[in-house]
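Hi everyone, thanks for making time for this. Let me put the sequence and structure on the screen, and then we can walk through them together.

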Amino acid sequence: MNFEGKQPAPQAEPFQKCEVEEYEKVQCGEPGINLANCEAVNCCFDGQQCYYGKTVTVQCTRDGQFVIVAARDSTLPRLSLDSVSLLGGREPPCGPVGTTVSFAIYQFPVTACGTTMMMDGDYLVYENKMTSSYEVGVGPLGSITRDSSYALLFQCRYFGTSIEALVLEVNTVPPPPPVAAPGPLRVELRLANGQCFVKGCVEEDQVYSSYYSEEEYPVTKVLREPVYVEVRIMERTDPNIVLNLGRCWATSSPEPTSLPQWDLLVNGCPYQDDRYLTNLVNVDVSSGLQFPTHYKRFVVKMFTFVDPASLAPLKERVIMFFLLSSFVFLSSSAYFCS
């Protein structure tokens, strides 16, 4: 099975971008600005006021200033505003001139903060880049991150009295090709995708009611999104058999011994050096399964691999493997996670 750790792009759809709680709204433009002028500067209008949306808004002023407003909700998972910096770093005037819980506001001259200048035909172009840092978990066989890694290349373009703000690049991840490999045992690993549609429903109770089909792979997930995993014994009807998982790990290649690797389970228990521990799901008679001991279920928070030298997130798929500890009988001893 393989799935992708997606570096998310800003939420560009108007109904998402402009869904900002009243207490979180930051005024955009001069007081009394109308709808047309508000939309012209890439902001949202609710009939009374113009405000910044849930994205990264780039504006250029006539007196040669960049105005950048970064929203916490511009990525999934949320962007850590404290981690954002420009090419010139975070020292004045390159740090935010104002912050709220949901937004960071930057304003600086187009000639400052590492900005480069170039000519494009008759246009004088000023270009800078906004990036975010992220926390890296380092294991003995690989490194991962679950934080959003964000990079945005933006420009101010001046031609006479004409001014344009242009966003050139947002980090995205191409969809990975599907991977399938036969195994020597009739044991299957699959991802659950059941959803709650009834009020009061608990997601964990319903998610294992359905599973992704082969046609739906590769499955794309955003960082830190839960991935619901099930391993089961196929074509066995002996109720005395218990499935024990030994080690479960992920790689970026269909070859299970390739590097990098990240452990999810070690000796059947969550890998303790992972900040976001794998969560084991109890499977018993209440699950409704005919042979619950033939199943193991666990939940992983989505991650992406990181290059060991540059610590840059790798735009590659994440593929999961597992080793069976054993098929044991109920009378045999088994390990327990403390």
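A word on the model before we start: it is predicted, with local features needing pLDDT of at least 70 and side-chain atom pairs counting only at pLDDT 80 or more, while totals for chains, interfaces and linings use all residues. Residues are numbered from 1 along each chain as its sequence is written, and side-chain values use heavy atoms, with hydrogens and water left out.

So, how many cavities of 30 Å³ or more does the structure hold? There are two. By cavity I mean a set of points on a 1 Å grid over the protein atoms alone where a 1.4 Å probe fits but cannot get out, and lining residues have an atom within 4 Å of a point. Volume is the space filled by probe spheres set on the points, which are joined across faces, edges and corners.

The largest cavity has about 40 Å³ of space, and its lining includes Arg247, Trp262 and Tyr271. Strand β19, residues 261-266, gives the most to that lining, with three residues; strands here are DSSP runs of E, at least two residues, numbered from the N terminus.

The second largest cavity has about 30 Å³. Among the residues lining it are Val20, Lys54, Asp73 and Phe103.

Now to strand β10, residues 123-132, which runs antiparallel to β6 and is joined to it by three bridges. Strands count as paired if DSSP finds at least two bridges between them. Leucine 86 sits opposite methionine 130 of β10. With β9, β10 pairs antiparallel over five bridges, and in that hairpin, with two residues between the strands, glycine 121 takes a positive phi near 65°. With β13, β10 forms eight bridges, again antiparallel, and leucine 124 stands opposite tyrosine 158 there.

Last, the cores. A nonpolar core is a set of buried Ala, Val, Leu, Ile, Met, Phe, Trp, Tyr and Cys residues joined through side-chain atoms within 4.5 Å, where buried means under 20% relative accessible area with a 1.4 Å probe, protein chains only. The largest has 26 residues, and Val229, Phe298 and Phe303 touch the most other members. β18 gives the most to this core, with five residues. Apart from it lies another core of 24 residues, including Phe66 and Leu86.

Thanks, and I'm happy to take questions.

Terms used:
On a 1 Å grid over the protein atoms alone, a cavity is a set of points where a 1.4 Å probe fits but cannot get out, and a pocket is an open set with protein on both sides within 12 Å along at least five of seven lines; lining residues have an atom within 4 Å of a point. Helices (H or I, at least four residues) and strands (E, at least two) are DSSP runs, numbered from the N terminus. Buried means under 20% relative accessible area, exposed over 50%, partly exposed in between (1.4 Å probe, protein chains only).
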